[in-house]
Structures are given as structure tokens and as C-alpha cells.
Amino acid sequence: MKSKHIIYTGLALMGMGAMVSCKKSFLELQPKGQFLESNYYANPDEAFAAVIAAYDPLVTETGGIDNTYSDPLGALNAASDDCFAGGGSASDVTQWQVINNYTLTPAQGPQNQFWAINFQGVNRTDVLLENLPKVPGLSADLLKRYTAEGQFLRAHYYFDLVRLFKNVPLILNSLNLTNVYDQVQATPEAVYTQIETDLKAAIPGLPATVPTSDGGRVTQGAAKALLGKVYLYEKKWADAATMLKDVNTNYGYKLLSNYGAIFSPTNKFNSESIFELVHSGTQSYTWANWDQFKSNIYTQMIGPRSYTGPIYYGGGYGFNPVTTQLATALKGDPRYGYTVVNIDSLTKATKTSYSPSYQNTGYFIQKYAPVLANKVTTGTTDLNWPNDYIEIRLADTYLMEAEANLNGGGDQSRAQTLLDAVRTRVGLASKPATLQNIYDERRLELATEGHRWFDLVRWGQAPSVLAFKGFKAGVNEILPIPLNETLNGTKIKQNPGY
């Protein structure tokens, strides 16, 4: 792939909070420039821009300590048994290669992106929450909603951090150069308690629904879904089941009858979408816009290389080829063709061609593929794909509620109903609602959507399932702390095994 490397200056814990970019809406993501926090928050419009800036790290496509390409799906899929790293060679996007074969070190791995971008989000939400009450002319209703959005976002960033690193500082106020080096890691329990606190505080201030023009902004359903997921990770089974049942029954979400339509860029904010990360293809980005991309570059990354057929864009980079294990598990399942494409078979049948990527299996991700029908006509094609990423969707919350009920001795019949609903939607027969069947269903339903690695770790199955990739029990359940964060006088301690 093409790349651009810029030296990152300043400690990642600072989160780049003094300067933030803003966008004109949640759907049209045109950057407007930068502002200084010290002279901002002077009116309601500026407060709204700061809210948008707090969302921004969710959809960043570049950044981190080394300012490289940073979409999380690439690393998470490479870490799982769904995909390999792929790309042009064993050194192409090295941070994905080393998590694929579990040779991570504090100096090399996707932790540089995950740590810095999530702490950027933490810092922006801390600054936002400190300053919102001081904004002249901000109505009580807007103060309540913006505050709730900030609380949700801080919880979201910390949930990613604690799952990925376990041992992270808990920072609830904006930092400066006099105190940033004094930060120490909190216990995971303290971080989870704060995540719960923020989400519980956020829920009453959020709207039940938002119009399409505000698509991507958090709702009550999204906050409750995230809280239910947090409870699941904490093994608070009854709390998880109760919260997720609320989401699954009281907010009007519905499973789509057409599984493939979930992922279409022409079907954004559909009835199954609970929390969706928005990407726009209308920005006319070129390589000169590094650090501004809000389109879906991951779509470009996973396309087949030098494909000559009529279906996919021919300039893909060949990352995250699907493993034969996943392709085999899906064969015969109606979701197969919407999840995986066999480019080997396709090119043979159509007398076309492509160039195999590193670790090529012939199978590629279909859910976010660079389909020519979605290609935009402005800017550099590689950088302007419009595919959204639905981070939380209804089938996911159905299966999480079923899992919580089974683990906690809750409503077994409801667990069966939920599992049946997910399977019936794609024309599959009922299976008994056992934990293993729930685990299997999550893999097939949510394949390549970034959940699999987290699921394997929390189920305790990662050491066995990922042994073929070199996963080391007691080490690789979490990532190393970035090397720069443990140097230069900080109090951050490296994770065990690294």
C-alpha cells in the first residue's frame, strides 16, 4: 500500500487535546480547520463543533504514535482466526503482520494506534465535559445532550483501552505538560466502574432516536447496548441480560430480512443499526489529505490486487485474506456469499485475473469490499469509499443477551428465541440454545466485523483457537503498552510478558 510516515511529537496521553478538527455534520465530514481549546467554547456553535471533535477519533483512518494507517478492523481481523494480515509482503503494514503471528513487541504493533487514538478521544471528552457548563448561551437541553454524548464517548474509548491493554491510566480531567508524566495505571476494576458510571449518567440525556441527518450520533439504545456489553465482559450476567433485553425490545430495532443489505453503503442507518460509525465518499480526498480521511480506507485495503473483472475495483491492496477455516465454516450457510468472496473461483469462471497477495487463500472479505458500484468519481478512488461500519447491531445484541441468560441461569426460553431469530432471518433451522452454539453463531453472523478476537479472549478460547498463529497464553490476551509511553520519565509500567 501507499504510506506516509510523520514523526509524532508529544506524549500520547495528551491526546492532542489542544487542537481538534471539526466537521460540518455527522454525514458530510468536511474538515473545517483547527481551533485552540484555550480560546474556544465561546458560543453554542463552538460547543457543537467540540462535540463533533470528540466523536472524531472513532472514525480516524490515520494517526497514533507513528501516524500511520490505523483502521482497527485490519489489526483485529488479522489477530483472529477469521483472517490473515495479507498485503503486499510480510513487511506491508508491519503492525498488522506482528499481531497476525503474535510477534508483537513494545516497539512494534498496532498498540501505537489503539493507545494514542483512544487516549486522544479520552482527552477530547475530558476537555469537552470540563468546558460545556461554561459555554455562554448554551441551552439546558443542549448542555444535557452534549454532556451525555461526552460521557458515552469517554466510556467507549475506555472500554476499548481496558479490553486491549487491561492496565491503563484513568484520566478524568484534561492534562498538561506539568502533570502528564505523573499518570499511573488504574486497576481494570476501577476503569470498568468508571465506564459504568459514565454510561449510566449518559443514558437519561440521550435521545431515543436521531434523524438521518444526525446519523452516527449516539442514542439511548446505543448507550444501553454498550452498557450491556460492558456488563457481559464483567460477567455480570443478570445485569447484562436485563440491559440488553431493554435494547432488544423497546427501541424499535428490527433484523433486516436481507442479510447482505446490512452492509450496503446505500442502506446506512438501517433498522438493525444500533451504533454506526459514519464514512463519507464525497470528500474528494487525495494523498495530500493525510490525517483528514473520514472515508473508509479499509474497503480499499481488503480489495484483491490487480483484479481485472467487472465487479471489484482493480486497485485493492490485498489485506486480510479470509482464512480457509472461516470459509469452510461458512460454506453451506446463507451468509457465506455476503461475508466471503472466492476470488480464485470467480476469476476462473469469468476468465479474469488478480494478483495473489501475501498469505493469499483465494478468499476475500465481502462485507466491506470495494465493489465498483460503490466507487465515487471524485478525488483518489483509493481514499473515498463510503462504506459505514456498524459497530453494534441488533443480531449482536440478540446473541449477547442469549449468552448472558445462559451464563447467568436466566431465561433459557428467551435465549432460544433470540438464537432462533438470528438463524431464521437467514433461513436456517433452529439449534439448541447452548453456549457453544451461541459462540458458533457469533462467529458466523459477525465474521470479519472485528468482534471475533475479543470474543475468543473473553471466552478463554484464544490460546487453543489461535495456537496456529503463535498466540501465547498469559501474554497475548492483551497488547503491549507502546514503548514511548514507558520511557522519558513516565510512570507507566509495561504489561507482563512484553
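A cavity is a set of points, on a 1 Å grid over the protein atoms alone, where a 1.4 Å probe fits but cannot get out; lining residues have an atom within 4 Å of a point. The model shown is predicted: local features need pLDDT of at least 70, side-chain atom pairs count only at pLDDT 80 or more, and totals for chains, interfaces and linings use all residues. Residues are numbered from 1 along each chain as its sequence is written, and side-chain values use heavy atoms, with hydrogens and water left out.

View 1. The largest cavity holds about 500 Å³ of space (volume: the space filled by probe spheres set on the points, which are joined across faces, edges and corners). Its lining has 32 residues; P72, D160, L277, Y389 and E391 lie nearest the centre. Two or more lining residues come from each of α2 (72-79), α4 (111-131), α5, α7 and β8 (389-393) (helices: DSSP runs of H or I, at least four residues; strands: runs of E, at least two; both numbered from the N terminus). Helix α5 gives the largest share, 6 residues. By class, 16 lining residues are nonpolar, 9 polar and 7 charged (nonpolar: Ala, Val, Leu, Ile, Met, Phe, Trp, Tyr, Cys and Pro; charged: Asp, Glu, Lys and Arg; polar: the others, Gly among them).

**View 2. Packing of α5 against α7.** Helix α5 (residues 140-165) and helix α7 (residues 220-233) pack at about 25°, with axes 11 Å apart (axes: lines fitted to C-alpha atoms, for helices over the stretch in contact; angles: 0 to 180 degrees between N-to-C directions). The two helices are therefore roughly parallel (angles under 35 degrees). From α5, the contact uses F152, H156, F159 and R163; from α7, A222, A223, L226, K229, V230 and Y233 (contact: heavy atoms within 4.5 Å). These contact residues divide into 7 nonpolar, 1 polar and 2 charged.

**View 3. The largest pocket and its lining.** The largest pocket has a volume of about 650 Å³ (pocket: an open set with protein on both sides within 12 Å along at least five of seven lines). Of its 25 lining residues, K166, Y192, Y233, V457 and R458 lie nearest the centre. Two or more residues come from each of α5, α6 (188-202), α7, α13 (394-407) and α16 (452-459). Helix α16 gives the largest share, 5 residues. The lining has 14 nonpolar, 3 polar and 8 charged residues.

Technical notes: Parallel < 35°, antiparallel > 145°, perpendicular 65-115°, else oblique.
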